[in-house]
Amino acid sequence: MIPVTEFRQFSEQQPAFRVLKPWWDVFTDYLSVAMLMIGVFGCTLQVMQDKIICLPKRISMPNATSDPVSDSHLSATIHPPPANEMKGLKTNLDLQQYSFINQMCYERALHWYAKYFPYLVLIHTLVFMLCSNFWFKFPGSSSKIEHFISILGKCFDSPWTTRALSEVSGENPEEKDNKKNNLNKSSLNVSVIEGNLVKTQSLKSIPDKLVVDKPSAGALDKKEGEQAKALFEKVKKFRLHVEEGDLLYSMYVRQTVLKVLKFLIIIVYNSALVSKVQFTVSCNVDIQDMTGYKNFSCNHTMAHLFSKLSFCYLCFVSVYGLTCLYTLYWLFYRSLKEYSFEYVRQETGIDDIPDVKNDFAFMLHMIDQYDPLYSKRFAVFLSEVSENKLKQLNLNNEWTADKLRQRLQTNSSNRLELQFFMLSGLPDTIFEITELQSLRLEIINNVTIPAAIAQLENLQELSLYQCSLKIHSAAASFLKENLKVLRVKFDDSRELPPWLYTLRNLEELNLIGSLSPDASKNITLDSLRELKSLKTLYLKSNFTKIPQSIVDVASHLQKLYIHNDGTKLVMLNNLKKIANLTDLELVHCDLERIPHAIFSLINLQELDLKENNIKSIEEIVSFQHLRKLTCLKLWYNSITYIPEHIKKLVGLERLYFSHNKIEVLPSHLFLCNKLRYLDLSYNDIRFIPPEIGVLQSLQYFSVTCNKVESLPDELYFCKKLKTLKLGKNTLSVLSPKIAYLNLLTHLDLKGNHFESLPAELGCCRVLKKSGLIVEDILFETLPSEVREQMIAE
């Protein structure tokens, strides 16, 4: 007997794959087992029992002598005995001759369908089984199925799925706990009244509800949160991979079509040939020389059973075929390459669950035939809202209020600040830090600022570096009234938050990023008109003209900083309209001359033209009209000389000429007798005029990295000097008059040709070793008491 288990490998698949087997596949599997048993049973009978039994058949002949007998083996021709002695026909054939006759008649006389029926049943059934399970075995499809089943199981069992579905049900955990407590109390009261039986039933019903609701009420631990986060990433990648093609759908359709064709073929030829299975078979074979007979009458011993089995098999195949036809109808009638989660969105309230297509959609349709709950729980991991909630929960677990308070630090504006870098969102615990004054977010995308930000009553400064933000209306109202400083760094204009134009109490705005011409128009039209309190505007971009939006706030704008990253700033006429400017920076704007529009800014106090291409400053004479100008920065340019008109800038207190190509210092420069800060470093200066002694208010003087060979004695008359930088020149002697500079705290002498230092440095009582920049070997030339004085704190 052949056991059916030997054929298990043809239909065996992983137990988890059962979720992708709809009812018709399960039903046809059982039909296949039944048909397989018919085939195995028939084959077993073929092997274990005689297939056919034959006997010679007498044929009457007109001339009996015409049938010759050749030898002694044929001498036993039938001579019927007298009637009273007949008990049966004797053939005088031995067992081997009978076996030979049976085999010859089986091969030549029996119809092939009657001979091979059980084998045909077995082969057809195995083909059905292979067709039904081929997509589970084919490498290209089985890998997708295994991955899908793995993710599906994890999504189904994830604690986050239960929590997410319970949160959208409209009840929060606290309400559920209260309901459970009330239910507990009421059931206990009823049980006391109605008796012990009711009490037992109510107590039994309560734990079940507690077990169901408990996961939704409890918080996820860190490990469960990380596992759910990883699941979201897996689902995203799997969706991108599977939605690319329809291999699974095509394979399932093809194997179903093949089964239908197979069913039609089986029905046609079996219906036509089942009548060929006969119990009695006439056999005419030319073996007379071996047996003495050529006509035989045979009995097909299994004909009756095979006939019944064939009808039974045809019934099973008919049911199987009808089921396959229904499957084809289901495949082509419904759009299985698209799957809508509309019913899940309506039931759960998670509106952003996307519809899917191709193989992803097909597998979800198959899952629905097994249990729609799988798709519902799986849909949680397709929702961005659900993912954001999970991220928020993980953030809250990771960033506790105590941890955030430990990260508080004071920024350059002397405000308490928190910095967050590359987080998935904002932790809710941040709104418990009510003392927070400044919030800095860097590279944080898809963040929503909730209404809870109103709890930060002291928040005045917000920095957004490459962040894409959404904001709650209540949060926007809060920022509109409270925010004083906003800094935004963006890659393109689309990352500019639109609500920044409504911050009417904003005092300082910093925008850093590349702006296209269209984006520039968006900014320059009516963008900044609502910023009624704006006093400081910092723009780092690539403008070709002063934006019109600056003119819109001209009445109250006091400080304007434009860093243009090398783009040539051509049109500056709008500067004339900003009459209240006190500070102006035009940095890296590829300016070749000082813009004339600047000379109209009568309230200007500080001007910075750093990193331009200015070579001549003859226009500097016009600065005499700017009576309030106290700071002029012309550093990092290509200026070769200082015109004598510089003397007319009598109000200057700070002057920056470093990193130019100046060779000669005009004596008129030192007629600006209010100078407190003079930086001439990194030029080609060889000589310092003695008129420098006129600068009695000078506190900072630098000629670092020039070609100065000697210092005038008049320099030491500047007794208010606190910082003197003489490094990287060609000085060889330092005058003892250095002692006059008793307020000196910083002295740079490194990189010169000094052989020794004067002992009079000891008279500079405030100068310490940390403030004296000089080679160690040169420091050792000072007297020991001077060294000790400088080293002492």
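# Briefing: pocket lining, sheet pairing and helix packing

Helix α15 makes the largest contribution to the lining of the second largest pocket, supplying six residues. The structure is a predicted model.

**Second largest pocket**

- The volume of the second largest pocket is about 710 Å³.
- Its lining comprises 28 residues, of which Glu384, Glu387, Asn388, Lys391 and Asn446 are the closest to the pocket centre.
- At least two lining residues come from each of α8 (222-242), α15 (384-398) and β9 (447-449).
- Sorted by class, the lining of this pocket holds 12 nonpolar, eight polar and eight charged residues.

**Open three-stranded sheet**

- Three strands form an open sheet in the order β1-β3-β2, and their pairing is antiparallel.
- Because β1 (52-56) and β2 (280-284) are edge strands with a single partner strand each, one side of each has no neighbour in the sheet.
- From one strand to the next, the twist averages 30°.
- Five bridges link β2 with β3 (residues 295-300) in the antiparallel sense, and threonine 280 lies opposite asparagine 299 of β3.
- Helix α2 (residues 95-108) packs on this sheet and touches β1, β2 and β3. The direction of α2 makes about 110° with that of β1.

**Parallel strand pairs**

- Strands of a sheet pair through backbone hydrogen bonds, in either a parallel or an antiparallel arrangement.
- Strand β12 (residues 485-489) pairs with strand β13 (residues 508-512) in the parallel sense over five bridges. Within this pair, valine 485 has glutamate 508 in β13 as its bridge partner.
- Strand β13 also runs parallel to strand β14 (residues 536-540), to which five bridges join it. Here leucine 509 stands opposite leucine 537 in β14.

**Packing of helices α9 and α11**

- Helix α9 (residues 247-273) and helix α11 (residues 303-333) have axes that come within 9 Å and cross at roughly 150°.
- The crossing of these two helices is left-handed.
- On the α9 side, the contacting residues include Tyr249, Tyr252, Val253, Val257, Val260, Phe263, Ile266 and Ile267.
- On the α11 side, they include Tyr313, Leu314, Val317, Tyr320, Cys324, Leu325, Leu328, Leu331 and Phe332.
- By class, the contact between α9 and α11 has 17 nonpolar, six polar and one charged residues.

Methods:
Residues numbered from 1 in each chain as written. Predicted model: local features only at pLDDT ≥ 70, side-chain atom pairs only at ≥ 80, totals over all residues. Heavy atoms only, no water. Axes fitted to C-alpha atoms, helices over the stretch in contact; angles between N-to-C directions. Helix = DSSP H or I, 4+ residues; strand = E, 2+ residues; numbered from the N terminus. Left-handed = near helix turned anticlockwise from the far one by under 90°. Contact = heavy atoms within 4.5 Å. Nonpolar A, V, L, I, M, F, W, Y, C, P; charged D, E, K, R; others polar. 1 Å grid on protein atoms, 1.4 Å probe; cavity = no way out; pocket = protein on both sides within 12 Å on 5 of 7 lines; lining within 4 Å. Points joined across faces, edges and corners; volume = space filled by probe spheres on them. Pairing = 2+ DSSP bridges.
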